[in-house]
Amino acid sequence: PALGLGVREPLADYAALLGREASPLPSMIATVGAAPRTESGEDAQIPPLGFALAQLHGIYVLAENAQGLVLVDMHAAHERITYEKLKTAQDGEGIRTQPLLVPLTLALSEREANVVEEQQARFAELGFDVARSGPQSIVVRRMPVVLDGADVAQLVRDVIADLAVHGQTRRVEESTNELLATMACHG
């Protein structure tokens, strides 16, 4: 639903108060519902979330688009971007991986180590090189590039937990997006 007040009117008021343009958008926005145009009259490409105006409490970004103001949760936005990168990579050429400088050894329960051994192909699809290194331990040698800087140990444990819950049923196939969402959240 369109807002009752167009964006140009409040911006003009601010411009009069400040003696200058108050936003990078005034010349691009005509009225709500109309296609935005540049000063030369051609169609402008305004991102759906608009252009950032301010950061609030280090948590939110206040942005402006053709319909008005948009409040964006920075953590949720970053998580969504990471998720979309993972999804695109998996659907396209596959997830790019990088070797860990020092392989990570994790102590697990025997049941969790069995899950890793049984689901190595799933881990490979997700961009991890994991292998069982003992009855109750695994070693992680590679991880997705896009998750550089993530807590690899906790991420692998969360993925193992998801796989252990869903087992070898079709649910594993259906839960790929959930696993990618878990990876994006930790990323």
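Leaving aside neighbours within four places in sequence, Met183 is in contact (heavy atoms within 4.5 Å) with Leu86, Leu126, Phe128, Pro144, Leu147, Leu155 and Val159. The model is a predicted one, in which local features need pLDDT of at least 70 and side-chain atom pairs count only at pLDDT 80 or more, whereas totals for chains, interfaces and linings use all residues. Residues are numbered from 1 along each chain as its sequence is written, and side-chain values use heavy atoms, with hydrogens and water left out.

Met183 also belongs to the largest nonpolar core, a set of 29 residues, where Met183, Phe123, Phe128, Val140 and Val156 have the most contacts inside the core. Such a core is a set of buried Ala, Val, Leu, Ile, Met, Phe, Trp, Tyr and Cys residues joined through side-chain atoms within 4.5 Å; buried denotes under 20% relative accessible area, exposed over 50%, and partly exposed the range in between (1.4 Å probe, protein chains only). At least two residues of this core are supplied by each of helix H2 (74–91), strand S4 (97–107), H3, strand S6 (137–144), H5 and helix H7 (176–186). H5 gives the largest share, seven residues. In soluble globular proteins, nonpolar side chains tend to be buried together.

The secondary structure of the protein chain comprises seven helices and six strands, with helices (H or I, at least four residues) and strands (E, at least two) taken as DSSP runs numbered from the N terminus. The order of elements from the N terminus is α-β-β-β-α-β-α-α-β-β-α-α-α. Of the 187 residues in the protein chain, 35% are buried. Contacts between residues at least 6 apart in sequence join residues at least 24 apart in 53% of cases. The protein chain has an accessible surface of about 11100 Å², and carbon and sulfur atoms account for 54% of that surface; accessible areas come from the Shrake-Rupley method with a 1.4 Å probe, and for residues only the protein chains shown count as cover.

Helix H3 (residues 110–118) packs against helix H5 (residues 152–166) at an angle of about 85°, and the two axes lie 10 Å apart. Axes are lines fitted to C-alpha atoms, for helices over the stretch in contact, and angles run from 0 to 180 degrees between N-to-C directions. H3 and H5 are therefore roughly perpendicular to each other, given that angles under 35 degrees count as roughly parallel, over 145 as roughly antiparallel, 65 to 115 as roughly perpendicular and the rest as oblique. On the H3 side, Arg111, Glu112, Val115 and Val116 meet Ile160, Leu163 and Ala164 of H5. The residues of this contact comprise five nonpolar, no polar and two charged, where Ala, Val, Leu, Ile, Met, Phe, Trp, Tyr, Cys and Pro count as nonpolar, Asp, Glu, Lys and Arg as charged, and the others, Gly among them, as polar.

Asp158 lies in helix H5 and, neighbours within four places in sequence aside, is in contact with Thr182 and His186. The C-alpha atoms of Asp158 and Met183, 25 residues apart along the chain, are separated by 8.5 Å. Thr182, located in helix H7, is buried with a relative accessible area of 19%. With the neighbours within four places in sequence again left aside, Thr182 is in contact with Leu155, Asp158 and Asp162. A separation of 8.7 Å is found between the C-alpha atoms of Thr182 and Tyr83, which are 99 residues apart along the chain.

Two loop residues were also examined. His57, in the loop between strand S1 (51–56) and strand S2 (60–65), is exposed, with a relative accessible area of 77%. His57 has a positive phi of about 55° although it is not a glycine. Pro47, in the loop between helix H1 (8–18) and S1, is partly exposed at a relative accessible area of 34%.
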